[in-house]
Amino acid sequence: MEKLAFLKLEQWRANVLGRLHHLRRAVSIIWQAAGAWSVGWLVLLILSGLIPAAIVYITKWLVDNVAVSVGAGLSVEEVVWQVGIPAAVMGGLMLAQRALASLSEWVSAVQSELVQEYVKEQVLIKAGTVDYEFYESDEYFDLLNRANSQASTSTLALLRNAGGLLRSLVTLVSIGAMLMLYGWWLPFVLIFSAIPAFFVLVRHNRRQHDWWKRVTQDRRWLQYYDTMLTQQYTAAEIRLNDIGGYFLDLYLRLRRRLRGEQIELVRDRAVAKFLAALFVMVVTALVMAWMVWRAVQGTATLGDLALFYQAFNQGQSLVTSLMSGVGEIYTNTLFVQYLFEFLDQPQKLQDPPKPQPFPRRLQHGITFENVSFRYPGTDTYVLKDFTMHIPAGKVVAVVGENGAGKSTFTKLLCRFYDPQDGRVLIDGTDLRAFAQKDVQRSVSLMVQFPVKFQLPVALNIQLGDMERANDRERLLKAARIAGAHEFIQGLPQQYDTLLGRWFSNGIELSGGQWQRIALARAFFRDAPVVVLDEPTSFMDSWGEYEWIRRFKQVVQNQTALFITHRFTTAKQADLIIVMKDGQVVEQGTHAELLTRQGHYATSWYQQMESHPPGSPPTGDGAPRPTPCTD
């Protein structure tokens with residue numbers, strides 16, 4: 001029993017220390033974001049905390065003077081002196097209170113903007129530097145959702161809580177000193193009356209936090225259903241399949257369930273707060289009855305009664321506010337921990353202490369040497385003892401069924417992941433000997449479904465290498481290689497045309513045109529390694545043939561690799577590598593692979609079944625781009 005009590009005490013101690021650590025970090029963030037403004041805000045808080053106590057004291061002075069003046073037959077000048085002076089002082093204090101409130105509001109607004117901007121900047125920087133594997137994990141999206149939805153708000157709430165706490169404490173000390181003139185025990189009664197409200201706040205805020213954390217994925221599902229019903233890229237299928245009602249029903253059912261749970265939490269908190277307020281009223285009534293009895297006995301003046309009423313009433317509100325502030329600080333440290341948990345995500349992929357420079361032109365090539373890899377959180381190997389060589393200065397095509405591991409080895413080549421076993425070698429040097437940024441700058445990658453940047457055409461292409469964004473000649477060359485220059489010339493503002501429909505005056509492109517823009521972006525970067533995933537999937541047969549011819553001329557000094565299902569694209573490569581089940585099963589030129597009558601040849605002849613009679617499947621014309629079906 002004693003051991004259990006000790007463990008609970010240690011758990012409570014660790015919890016408190018954890019909350020204090022989060023509070024210190026939040027204060028550090030606020031200071032970094034808005035240091036000078038925070039100093040001004042602090043000064044205003046202290047001044048704002050002193051004024052209420054001064055007003056309460058002036059009230060006693062005013063009431064006592066009024067009581068003396070009534071029926072005393074004083075002259076106008078004497079009445080002005082007795083009553084006007086304290087009234088003027090009180091009016092000045094009230095005016096100062098309003099001025100300080102307005103000034104504090106302005107300072108807080110500036111402070112709020114600076115903190116929100118700083119916190120969002122930190123989240124976005126971290127999102128751009130976390131290991132790639134986090135983007136393929138649902139836990140990452142849960143954590144990002146929590147950090148994004150509560151990051152700046154909880155940090156700012158902590159600031160407001162701490163400020164309110166300080167202001168209430170300053171006022172309470174002043175008021176407590178006044179109350180002790182009537183009884184040393186009165187400040188303790190104030191604290192005692194606020195204890196139930198404090199526990200109500202902590203308990204129900206904890207329940208709210210636990211519920212909010214538990215429904216993280218439910219909130220993300222709501223965002224997903226909303227996206228399905230409101231975004232342009234889903235609109236066609238939603239309407240054609242008449243499934244808008246289905247997604248709306250899913251959204252409403254989940255929304256109503258969450259609403260019901262939230263209303264239940266609010267109801268329970270409201271009932272508990274009412275009971276706590278009832279307790280405060282009973283204590284107040286008893287104390288005021290004691291003070292009235294003193295006034296009746298003649299041991300207190302009307303001024304004393306007015307001062308006591310205001311002081312005790314304000315003191316009670318202040319103690320409640322003080323304890324509420326402590327409770328809110330505790331609650332907000334529960335939320336702000338997700339911001340720090342996100343910002344503290346470790347990077348598993350580390351650069352070597354002394355990175356080697358990535359070669360500007362490959363001499364030997366890229367080698368996958370007995371590589372085994374499985375994605376984090378899974379037990380199945382996508383690549384197992386995988387060995388492949390991509391010779392330098394060649395155009396290499398990789399073909400294979402879906403799930404063969406083609407996209408996985410490109411992620412390893414870009415060093416988005418490290419293999420569990422084996423090595424990826426660049427001219428004989430382990431890829432891990434290079435800095436990650438250097439590797440990724442040295443690989444020009446076009447993914448299968450490129451991003452449709454809602455930006456002008458020129459900037460869409462220049463994003464491939466922002467360090468050379470002003471090189472207009474290179475921009476035009478990249479567009480021509482990609483086969484995009486011709487249709488760009490036909491756009492309303494040519495290279496200055498805004499693409500996409502998200503913003504006014506934007507122009508939407510066809511799928512093939514977007515792909516050519518992405519190709520131009522890849523070519524704009526002068527990288528020693530070029531990797532293209534399905535580069536011709538949106539092209540017709542004539543465009544495909546002409547583009548490949550141009551492409552091979554341009555990348556003569558680079559090592560080029562493209563992944564494709566279209567054998568009509570692959571046949572024109574210098575080397576074709578055939579993958580199946582995470583292994584290389586064949587490699588060679590198109591003619592060599594047909595001669596071997598293996599997996600590649602079988603797939604090729606299946607594709608060519610629809611060719612016109614007498615047209616050889618290995619003809620040099622622009623062949624039919626039938627997709628691979630194996």
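Arg206 has a relative accessibility of 31% and counts as partly exposed (buried is under 20% relative accessible area, exposed over 50%, and partly exposed in between, with a 1.4 Å probe and protein chains only). This is a predicted model, in which local features need pLDDT of at least 70 and side-chain atom pairs count only at pLDDT 80 or more, while totals for chains, interfaces and linings use all residues. Residues are numbered from 1 along each chain as its sequence is written, and side-chain values use heavy atoms, with hydrogens and water left out.

Arg206 forms a salt bridge with Asp210, and their closest N and O atoms are 3.4 Å apart (a salt bridge is a side-chain nitrogen of Lys or Arg within 4 Å of a carboxyl oxygen of Asp or Glu). Both residues belong to helix 4 (residues 186-214), where four residues, or about one turn of the helix, separate them. Helices (H or I, at least four residues) and strands (E, at least two) are DSSP runs, numbered from the N terminus. Asp210 is partly exposed too, with a relative accessible area of 35%.

## Other salt bridges

The structure holds 14 salt bridges. In one of them Arg207 pairs with Asp268, with 3.3 Å between the closest N and O atoms. Arg207 lies in helix 4 and Asp268 in helix 7 (residues 244-297), so this pair ties together parts that are 61 residues apart in sequence. The relative accessible area of Arg207 is 28%, which makes Arg207 partly exposed.

Asp249 and Arg253 also meet through their side chains in a salt bridge, at 3.1 Å from N to O. They are four residues apart in helix 7, so about one helical turn separates them. Asp249 is partly exposed at 36% relative accessibility, whereas Arg253 counts as exposed at 51%. Elsewhere, Arg214, Asp218, Arg257 and Glu261 are linked in a network of salt bridges.

## Gln356 in a loop

Gln356 sits in the loop between helix 8 (302-343) and strand 1 (365-373). With a relative accessible area of 39%, Gln356 is partly exposed.

Leaving aside residues up to four places away in sequence, Gln356 touches Thr429, Ala433, Phe434 and Asp438 (contact means heavy atoms within 4.5 Å). The C-alpha atoms of Gln356 and Ala433 are 6.0 Å apart in space, although 77 residues separate the two in sequence.

## The largest pocket

The largest pocket has a volume of about 640 Å³. A pocket is an open set of points on a 1 Å grid over the protein atoms alone, with protein on both sides within 12 Å along at least five of seven lines; a 1.4 Å probe is used, and lining residues have an atom within 4 Å of a point. Grid points are joined across faces, edges and corners, and a volume is the space filled by probe spheres set on the points.

The lining consists of 17 residues, and Leu445, Val447, Leu463, Arg521 and Arg525 lie nearest the centre. Strand 6 (443-446) and helix 14 (511-524) each supply at least two lining residues. Strand 6 gives the most, with four.

## The second largest pocket

The second largest pocket has a volume of about 510 Å³. Its lining has 17 residues, with Gly128, Thr129, Val130, Lys437 and Gln440 nearest the centre. Helix 10 (residues 436-441) provides the largest share, four residues. At least three lining residues come from each of domain 1 (10-216 + 263-344) and domain 2 (365-608); the domain bounds come from an automatic or database domain assignment.
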